[in-house]
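Dear colleague,

Please find the structure below, handed over for your own work. A summary of the findings follows it.

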Amino acid sequence: MDKPIECLLRLRMSMQDAHYGGNLVDGAKMLHLVGDAVTELLIIHDGDEGLTRIMTSENLAPVHGGDFVEVRAKLTEIGRSSRKFECTIHKVISLVDVDDSAADVLPDPVLVLKATGVAVVPLDKQRKPSL
């Protein structure tokens, strides 16, 4: 793999994403975002959404409704049909308690999740030659 295959998603967690006290966003939402990023990687590389087979993740910091996050994913190894990936999610903007609409860009993004895993694109679904 000469050229790294990476993607970046940046989005705001809505208040509808918050399911717990203190407007805390659940970890399942973060895993959903990892799945979206991996899907984009597979489409870039193979022209197919593929399927995540194995994933290990660590939730490292809370995310709240109103926070902005960046999801970064990259393919780290390409097999015949398997694709190993790494993914991180960082909180980059956070609401503050100064006012009901106050928010700060964080000087140092906060790592909230990291994940690694393996996705598979069956041979008959691979529409693009390896990059």
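In this predicted model, Glu 77 is partly exposed, with a relative accessibility of 44%. Its side chain meets that of Lys 84 in a salt bridge (3.8 Å, N to O), and Lys 84 is likewise partly exposed, at 37%. Salt bridges that share partners also join Arg 10, Glu 70 and Arg 72 into one network.

The count of salt bridges comes to 8. One of them pairs Glu 70 with Arg 10 at 3.1 Å, N to O. Glu 70 belongs to strand β5 and Arg 10 to strand β1, so this pair ties together parts that are 60 residues apart in sequence. Glu 70 counts as buried, at 13% relative accessibility, whereas Arg 10 counts as exposed, at 51%.

A further salt bridge is formed by the side chains of Asp 46 and Arg 83 (2.9 Å, N to O). This pair links helix α1, which holds Asp 46, to strand β6, which holds Arg 83, across 37 residues. Asp 46 is buried, at 1% relative accessibility, and Arg 83 is buried with a relative accessible area of 1%.

Beyond its sequence neighbours up to four places away, Ile 89 touches several residues, including Met 30, Val 34, Glu 70 and Val 112.

Finally, Met 15 lies in the loop between β1 and β2 and is partly exposed, with a relative accessible area of 43%.

With kind regards

Definitions and conventions. Residues numbered from 1 in each chain as written. Predicted model: local features only at pLDDT ≥ 70, side-chain atom pairs only at ≥ 80, totals over all residues. Heavy atoms only, no water. Contact = heavy atoms within 4.5 Å. Helix = DSSP H or I, 4+ residues; strand = E, 2+ residues; numbered from the N terminus. Buried < 20%, exposed > 50% of the residue type's maximum accessible area, 1.4 Å probe, protein only. Salt bridge = Lys/Arg side-chain N within 4 Å of Asp/Glu carboxyl O.
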